[in-house]
Amino acid sequence: MRNLDTDAIETFQNLAIELPSWAFGNSGTRFKVFGTPGTPRTVEEKIADAATVHRFTGLAPKVALHIPWDVVDDFGALRSYAADLGVDLGTVNSNTFQDDDYKFGSLTHTDKHVRQKAIDHHIRCIEVMNETGSRDLKIWLADGTNYPGQGDIRGRQDRLAESLATIYQHIGDEQRMVLEYKFFEPATYMTDVPDWGTSYAQVSALGERALVCLDTGHHAPGTNIEFIVAQLLRLGKLGSFDFNSRFYADDDLIVGAADPFQLFRIMFEVIRGGGLDTGSPVALMLDQCHNVEEKIPGQIRSVLNVQEMTARALLVDTDALADAQDTGDVLGANAIFMDAFYTDIRPDLAAWRAERGLPADPMAAFAQSGYQEEITAARVGGTQSSWGA
Ligand code: AOS
Ligand code: ZN
Ligand code: ZN
């Protein structure tokens, strides 16, 4: 690959992205969920689609599950099914946001029975992980309040800490817990884990196998996300990413679609902080929904976008950059950074794929493969899966 030395190539080749099972189901807004022909009806069909993304890109060897949306009788069998298709089962996502009992909170609820129910759900998720071989339990909470005075902010933090500590006791030696933050939605006044600082404070109190999950769509406009990436890597507490992009809210759009330069800056800091080194503990996941575009090509586009910005970030001449930074050469440093971002590396990536027996143009290869037509014909009857079911 152009201008990449051996170390950079190794870093580049370490890129592996985990796909969310729910990206293959139908999703939408509160106004309408549009169905798509060929949408999976079962967990197995979602995994088959995820494996297809991996087959065409070589970039997506894992599928993240969501409990209870992806519940099956035999998770061990599901693991073998996935392995036969060439992928592993990845992060298990818990769900305490679709049950009436959680109207006023789950792990933070004032009623200890509701808290226990939410804790038990997470313990069940860990049991699933034991069967699927998954390393990570990802917790995103919808807990929060809509009106000032509605809840005791401090009390809710204390209950959250206690609930998380109970769950953490069940995390195995080879497993981890990652706590995702989000500054709004569904709660509108206060979210119980609104920012990286809160997530960091909560997971730091637990132990070294508790880490922060950074969803790129969960920040206020203008937030310098790459700074958060740099800081969490520096602290050794960046466990995983939920990649997506946004224009206005938690849009869950294709990563790199809204702001490729931001993705470049994030990948630069990931690389700078060792997040793509061999054996790195940082899991790169997507958390996306494809409301109007086709789902499998949507996922292919997403992983390719991450790959492309990773390659461009690796093009930064870091020695020259350090010199410029040390000598106060503001514009020189900026130019070195921007040169890499503006380098069109797509032909090099196409050649690199072809050398490895992958399609040079995965989007075109998928379109010509007939897979979409096949699943459209085969997946008739039954209920299409969707985000939330
Ligand atoms: C919610 O906004 C979050 O991004 C979560 O990661 C959530 O678990 C995911 O969207 C699947 O439900
Ligand atoms: Zn997320
Ligand atoms: Zn989100």
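The structure is a predicted model, and its overall scores are an ipTM of 0.97 and a pTM of 0.98. Across the protein chain, pLDDT averages 97, and 100% of the residues reach at least 70.

Turning to the ligand, the shell around ligand 1 is made up of W22, H66, N93, W140, E180, K182, D215, D242, D250 and D287. By class, six of these shell residues are charged, while two are nonpolar and two are polar.

Next come the helix pairs. Two packed helices are described by the angle between their axes and by the distance between those axes. The crossing of helix 1 past helix 9 is right-handed. On the helix 1 side, the meeting residues are A8, T11 and F12, and their counterparts in helix 9 are T310, A311 and L314. This contact has no charged residues; four of its members are nonpolar and two are polar.

Helix 4 (residues 112-132) and helix 5 (residues 153-168) form another pair, with axes that come within 9 Å and cross at roughly 35°. Here too the handedness is defined, with helix 4 passing helix 5 in a right-handed crossing. Helix 4 brings R115, A118, I119, H122 and I123 to the meeting, and helix 5 brings R159, S163, T166 and I167.

The remaining pair is helix 7 (residues 225-234) with helix 8 (residues 260-272), packed at an angle of about 10° with axes 9 Å apart. Angles under 35° count as roughly parallel, so helix 7 and helix 8 are roughly parallel to each other. Their contact draws on I225, E226, V229 and A230 from helix 7, together with Q262, R265, I266, E269, V270 and R272 from helix 8. Sorted by class, the residues in this contact of helix 7 with helix 8 come out as five nonpolar, four charged and one polar.

Finally, the backbone has a couple of details to check in the loops. The peptide bond running from I67 to P68 is cis, and its omega is near 20°. P68 sits in the loop that links strand 2 (62-66) to helix 3 (75-84). Another cis peptide bond joins E185 to P186, this one with omega at about 5°. P186 is placed in the loop between strand 6 and strand 7 (190-191), and E185 lies in the loop between these strands as well. E185 also has a phi near 70°, a positive value in a residue other than glycine. In E185, then, a positive phi goes along with a cis bond to the following proline, P186.

Terms used. Residues are numbered from 1 along each chain as its sequence is written. Chains are lettered from A and ligands numbered from 1 in the order in which they are written. This is a predicted model: local features need pLDDT of at least 70, side-chain atom pairs count only at pLDDT 80 or more; totals for chains, interfaces and linings use all residues. Axes are lines fitted to C-alpha atoms, for helices over the stretch in contact, and angles run from 0 to 180 degrees between N-to-C directions. Helices (H or I, at least four residues) and strands (E, at least two) are DSSP runs, numbered from the N terminus. Angles under 35 degrees count as roughly parallel, over 145 as roughly antiparallel, 65 to 115 as roughly perpendicular and the rest as oblique. Two residues are in contact if their C-beta atoms, placed from the backbone, lie within 7 Å. Ala, Val, Leu, Ile, Met, Phe, Trp, Tyr, Cys and Pro count as nonpolar, Asp, Glu, Lys and Arg as charged, and the others, Gly among them, as polar. A residue is near a molecule or strand if its C-beta atom, placed from the backbone, lies within 6 Å of it. pLDDT is the predictor's confidence in each residue, from 0 to 100. A crossing is left-handed if the near helix is turned anticlockwise from the far one by less than a right angle, and right-handed if clockwise.
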